[in-house]
Amino acid sequence: MTITASPLSRRPDDAVVGTPLPHESAALHVTGRALYTDDLVGRTSGVLHAHPVQAPHAHATITSVDVAAAHDVPGVVRVLTAADVPGINDAGVKHDEPLFPSEVMYHGHAICWVLGESLEAARLGAAAVEVTYAPLPALLTVEEAIAAQSFQGARPTLARGDSPAGLAHAARVFEGVTSFAGQEHFYLETHCSLALVDENGQVFVQSSTQHPSETQEIVAHVLGVPNHAVTVQCLRMGGGFGGKEMQPHGLAAVAALGATLTGRPVRVRLTRAQDITMTGKRHGFHATWTAGFDADGRFTALEATLTSDGGWSLDLSEPVLSRALCHIDNAYWIPDITVHGRIARTHKTSQTAFRGFGGPQGMLVIEDVIGRCAPALGIDPAELRRRNFYADGQATPYGQPVRHPGRMVAAWEQVIASSSMEARRAEIDDWNATQPHRKRGIAITPVKFGISFNLTAFNQGGALVHVYKDGSVLISHGGTEMGQGLHTKMLQVAATALGVPLERVRLAPTRTDKVPNTSATAASASADLNGGAVKNACEQILARLTPIRELVPDASWEELVAAAYRGRVQLWAAGFYRTEGLNWDAATMTGHPFKYFAYGAAVTEVEVDGFTGAYTTRRVDIVHDVGDSLSPLVDVGQIEGGFVQGAGWLTLEDLRWDESDGPSRGRLATQAASTYKLPSLSELPEQFNVALLAGAHEDGVVYGSKAVGEPPLMLALSVREALRDACAAFGPAGHSVELASPATPEAVYWALTAARGAS
Amino acid sequence: MADIVVNGQPRDLTGVPPHTNVLDFLRGCGLTGAKEGCAEGECGACAVLVVRPAADGSPAAEWTAINSCLAPAAALDGQEVVTAEGLGRPDALHPVQRELATRGGSQCGYCTPGFVCSMGAEYYRADRVPAGDGDRYHGANGFDLHAIGGNLCRCTGYRPIKDAAFALGLPAPDDVMAQRRGTAAPVAVATDLRGFVRPAGLTEALHLLRERPEVVVVAGSTDWGVDVNLRGRRAELVVAVDRLPELRGFSVTDTEVRVGAALTLTELDRRLAGRLPLVSEMIAQFASRLIRNCATLGGNLGTGSPIGDAAPALLALDASVVLASADGTRTVPLSEFFTGYRTSQRRPDELITDVVVPRPVSGLTAFHKVAKRAFDDISSVAAGYALDVVDGVVRRARIGLGGVAATPIRALATEAALEGRPWTAETVDAAAATLAAEGTPISDQRASAAYRSAMLGQSLRKLFAEVAP
């Protein structure tokens, strides 16, 4: 057994990391034993249920709230309003999200909350609350917000070089507009919080939160108590995807407020309709762009303005926009570039984090530019993409050298080979020539995604590792489990670091009183950050064990631990990790915000029905870079799941708000699973081949691994480009296909109809 | 005393509030494996197994997966339910659970118990036999992926779930759930709970409807359950008719196919066994198996929804519905049945007892459904076709449409544009233009009016291209 600290990335020979393991809770999942927050309600006595009063206007002043009638409903216990807030009436970190608003900012905005002995009582009580409104004009689309100059937050510009000059000396210049929709997270578990207060006033909130520390802080400031008076725990979540990074806070605060006022446990659990109408989504964007290419098809310059649809409050819109700007280059060297960003304020839910966090939006713009310009340039899109890849020594527009650009090339070439892309390209062309009514398309797209929070301060992680006298190990860390397999990886890291079998290690649920001041489980970085912290804690313990080991060189782990205890050695440690070498200037949009880049490439083939625009995904091949995988089964699952979720965003999932001037203007029309369609089994590619890029060891990251949560989502851009390719096959060569996003069958139908009509 | 046997243990239904669904009842029992994901039968996170009479009408029993969020708890009086907790334990996983767990089939795990139950039903399907190499939707082990088409997973992308499904063997001989199939399913019991009545027979049911025309009639509750859960609708009294023997008939003669209005779509499909290809084609695209295991023709027609999939198919087949009341029965052609948006000729005191399809059926039939998703979606446009083409001439044309008007409609102008004309591209093009102008489609979240109209015309062109002489 080695008991000396090793470099962060070095992996011992007998490592538990790298072993393909099922999810640590898999046996609990499949038997229905795994507990989620709402499953605790039946195990808690005297619980009150909360139901919101939701506004039926997109924008209005609240002129009166009369809760008297609610109290006449049997079983109603209390109505929570702004007057009940002892602390700050605010649910966000930007202080622009009143928990109990005086102005309705979106259709479905919760005005107040009714507590009842049953959910039915609370629901009926909420229906009895009389609210009067003075409706105000509402902005629903980004275009409306731009016309009204309705923006919020920072308006950053990312620039390098002289883009007007770059465009001036370009051989070809193209202009376009690319606008695309957002995406509902549709985690299968809706938001839930269950709050209790103990005899000493300590508030305990169990919450489906990706960010327990921030939930704790918001609950504390709403209650007007210090953070130490609030503990937040997250057992696990039924999916998060960014949707539970900031959105849980206000709901947890309502539960905590209710619990402190009534002395009883309070449950806030949103129905699907409430969840989808009240909580934020992926930002849709509107982009205008001008792109210049030289005679060989290399970018000379890009100018663009990206306007995100932020919804009613800032939430995470600023960092999402930053990441969009920082990923508009994707894998491409663009020498002269100016990209302006701004955030529209619209009367919709407050758009928020969603897997990729702006990265997908930035990349969609540049891939749309390439997909539309390639026919006019007369260059195969795959070749055009490859020709523009970063090379060694080049830096991103924000000034960070691109580390390991050769890995991008390696993934690209490997997936072209493994997918037999070139041969299939020819087969598809032949097949298409014989098929008047059906066409196939194939496309390859790259991903280069920066890992770390843009804001340097967030790049820290904490852990608490206990070794008990019997040699068993209990670990806690700051990250939450939402299905991504973080806990599985952390168990593997601890077992590897301590050199003990995996069975000796157990993991305790995430709690703010175990590890404080944590960052959100977000930015794909949680395994990097918390893994570094877990390893650090383990190594502190190992270092303390070293002198004991010298005394008992042949002792088993259990004997060693027992000897250490008798020798009065501290057998637990708090671990900490911070990512070194990062800096970021948000004002100038320059710096070195990312520890490294994750790379990947995907080849997708689709078949489109020319009669309807309906399509199927025939085959997907992916080569993706996860460094030296900590947990290959988990990582492949993240790649596949991210890809399908990205394909859902780009092709199927269709958020529609009522944009009419009618009485339900601003209402989300797709507020149920029956109207908002997620990918189902029918969207699973017929063939789906995923390979991890070999030789991808990452120095300076825990056991040589790389983050995996977000980057694969953007591999799904290959689906969109394959659909574009198939649509083009219905028209004459050289036709540039404009494809709406999401590329629903209807959108594809209009695109292929336009291609057919092109001359 | 009203009981449900859950995982082998009787659970008392007495005193359960009338609008409590099976899901909330189970969770109230401490069985929190089944989850609410959407509360409208679209995601399958709440799926559980119930023992039902075999769908093909044979005397055996079979394990059937249903959405527990839609069924009223009282509807399962006297029945047997198994949840994911009942299938296996962490230290003794069921084969379905083992395959899912070891292959990475669960990530967040929230949808997983529902998948386990849907997969469990298919695992125990008596006629699931290994066959060949399989295809996109069928494993070499005979597993039909459509069995889990009503279960949504947001994490995995489904590949490991598919692999788990296709890796399943056949149940062991001593598997108690497999053995359960050999003895009869629980019979329906007359239930009279607060707010929920299951009459013992048709006469009693019709009498009740005559006395209390305001009652809500349910069969599979796949529509009513959504109203209860999402729209807060409540009824003084819910009357369950899905197990009335008089509504579960099935007969095929030379002149007609007569099907009971309360047969589930799954039962109907199995009993038709391909004898009405248009209906089978429709059922295959109708919602998901979880829904089809509960939904009935009577319900789909009775709600009068303009986007129900059964009506366009049955309109093309010149079907009629038989309505019964305490006064007797009457037969109404389906083409005259619908009177407006979600209204019909059915009086509140009447029940649909049967649907009658005349035979012989036209030689060329097809069901075209345009939707965003291939599995488990609601039609933007649906078209049912039944054409007789003799010696290259269209002798007879019947076309039923859904999603293009306030009711399902016949495409009468298009039928006229086809009948008597040669079955050629020219005829089809002209008729397609007529078809594209049928109805009054609207723009909504599913599709634009322009797309709906275009899809009508394209549908006929597609039909011609696929069967061109």
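This is a predicted model: local features need pLDDT of at least 70, side-chain atom pairs count only at pLDDT 80 or more; totals for chains, interfaces and linings use all residues.
Several residues of helix 19 of chain A are buried, among them A:Pro745, A:Val748, A:Trp750, A:Leu752 and A:Ala755. The cover over these buried residues includes, from chain A, strand 24 (596–609), strand 25 (615–624) and helix 18 (717–728), and it also includes helix 17 (449–467) of chain B.

That last neighbour leads to the second chain. Chain B holds 17 helices and 20 strands. Its radius of gyration is 22 Å, close to the 23 Å that the globule rule gives for 469 residues, and chain B is therefore as compact as a globular protein of that length. The C-alpha trace of chain B spans about 70 × 55 × 40 Å along its principal axes, and buried residues account for 58% of the 469 residues in the chain. If one takes the contacts in chain B between residues at least 6 apart in sequence, 67% of them join residues at least 24 apart.

Where the two chains meet, 67 residues of chain B are in contact with 61 residues of chain A. The elements of chain B that give two or more residues to this side include helix 1 (22–28), helix 4 (112–123), helix 5 (159–167) and helix 17, and helix 17 of chain B provides the largest share, six residues. Sorted by class, the side of chain B that touches chain A has 30 nonpolar, 21 polar and 16 charged residues.

Key. Residues are numbered from 1 along each chain as its sequence is written. Chains are lettered from A and ligands numbered from 1 in the order in which they are written. A residue is buried if 20 or more other C-beta atoms lie within 10 Å of its own, exposed if 12 or fewer, and partly exposed in between; C-beta atoms are placed from the backbone. Helices (H or I, at least four residues) and strands (E, at least two) are DSSP runs, numbered from the N terminus. Two residues are in contact if their C-beta atoms, placed from the backbone, lie within 7 Å. The radius of gyration is taken over C-alpha atoms; the globule rule is 2.2 Å times the number of residues to the power 0.38. Ala, Val, Leu, Ile, Met, Phe, Trp, Tyr, Cys and Pro count as nonpolar, Asp, Glu, Lys and Arg as charged, and the others, Gly among them, as polar.
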